[in-house]
Amino acid sequence: MPTVSDTERLTIRHFAHEDADFIVRLLNEPSFIRHIADKQVRTREEAVRYLDSGPVASYCAHGFGLNLVQLKGEGTPIGMCGLVKRDELEGPDLGYAFLPEFCGQGYAFEAATAVLEQGMRAHALESVLAVTLPDNARSNRLLRALGFRARGTVDLYGARNNLYEYRR
Ligand SMILES: CC(C)(COP(=O)(O)OP(=O)(O)OC[C@H]1O[C@@H](n2cnc3c(N)ncnc32)[C@H](O)[C@@H]1OP(=O)(O)O)[C@@H](O)C(=O)NCCC(=O)NCCS
């Protein structure tokens with residue numbers, strides 16, 4: 001699978017069907033369901049369909065999408081991070097989610113920094129957006145730490161979200 005970026009502690013690469021078990025785990029974390037959505041992915045087969053219609057379709061359409069984030073060494077999968085293009089937003093936005101046991105150690109910051117740098121360079125982007133629910137304190141904090149600026153709010157999938165923009 002193509003590697004998107006290598007950082008000090010992480011390897012960030014495109015998803016493949018072999019990641020289906022990890023997807024079932026991540027998408028059913030209470031934190032994922034609460035702060036993102038219940039994608040109704042409960043089985044390995046449903047995870048393969050999610051990967052094909054989501055990240056893999058995005059790689060084909062845009063050259064970018066959500067990626068697997070793994071620890072270097074053992075290759076333990078810890079989360080997802082990447083650029084996505086939704087019809088509802090003008091430009092690409094940054095998406096991320098990590099397993100709870102890998103939060104609070106700077107992994108999301110490290111992965112997002114690498115994804116932004118690689119994605120903006122490879123796709124000649126001037127700006128990347130981000131959306132997050134106002135009560136998702138960790139996510140709002142992460143975006144500000146990455147250098148995103150608040151750009152008001154946007155209604156998305158029936159909820160009001162904070163809108164952020166990162167410019168280089
Ligand atoms: C949003 C989410 C990715 C943020 O994760 P996170 O663990 O807070 O982010 P990081 O991995 O960058 O960790 C930051 C914390 O690690 C600390 N840290 C430790 N070592 C660090 C290092 N080497 N570098 C940077 N920060 C470090 C920071 O001080 C910070 O601590 P704080 O939370 O007390 O301020 C995570 O909560 C998550 O996956 N949530 C569920 C899904 C979700 O909400 N996605 C976003 C939808 S919009």
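Buried means under 20% relative accessible area, exposed means over 50%, and partly exposed lies in between (1.4 Å probe, protein chains only). This is a predicted model, where local features need pLDDT of at least 70, side-chain atom pairs count only at pLDDT 80 or more, and totals for chains, interfaces and linings use all residues. Residues are numbered from 1 along each chain as its sequence is written, and side-chain values use heavy atoms, with hydrogens and water left out.

**View 1. The whole fold.** The protein has 5 helices and 8 strands. These are DSSP runs, numbered from the N terminus: helices are H or I with at least four residues, strands are E with at least two. Their order along the sequence is β-β-α-α-α-β-β-β-α-β-α-β-β. The C-alpha atoms fill a box of roughly 40 × 35 × 35 Å along the principal axes. The radius of gyration is 15 Å, which agrees with the value near 15 Å for a compact globule of 168 residues. It is taken over C-alpha atoms, and the globule rule is 2.2 Å times the number of residues to the power 0.38. Of the 168 residues, 49% are buried.

View 2. Contact means heavy atoms within 4.5 Å. Among contacts with a separation of 6 or more, 56% join residues 24 or more positions apart. The accessible surface is about 8,700 Å², and carbon and sulfur atoms hold 50% of that area. The areas come from the Shrake-Rupley method with a 1.4 Å probe; for residues, only the protein chains shown count as cover. There are 20 positive and 22 negative side chains, with the centres of the two sets 6 Å apart. Lys and Arg count as positive, Asp and Glu as negative; His and the chain ends are not counted. Each charge is placed at NZ of Lys, CZ of Arg, CG of Asp or CD of Glu.

**View 3. The annotated span.** An unreviewed UniProt entry carries the annotation "domain: N-acetyltransferase" for residues 10-168. UniProt positions follow the numbering used here, feature names are shortened, and annotations may be inferred rather than shown by experiment. The span is 37% helix and 30% strand. Its end C-alpha atoms lie 23 Å apart.

**View 4. Y50 in helix 3.** Y50 lies in helix 3. Its relative accessible area is 14%, so Y50 is buried. Beyond its neighbours within four places in sequence, Y50 is in contact with I23, L27, K39, V41, P55, L66 and M80. Y50 and M80 are 30 residues apart along the chain, and their C-alpha atoms are separated by 14 Å.

**View 5. Two loop residues with positive phi.** Q40 sits in the loop between helix 2 and helix 3. Its phi is positive, about 60 degrees, although Q40 is not a glycine. Q40 is exposed, at 52% relative accessible area. Y157 lies in the loop between strand 7 (149-156) and strand 8 (159-167). Y157 is not a glycine either, yet has a positive phi of about 50 degrees. At 58% relative accessibility, Y157 is exposed.

View 6. E101 is in the loop between strand 5 and helix 4 (107-122). Its relative accessibility is 41%, so E101 counts as partly exposed.
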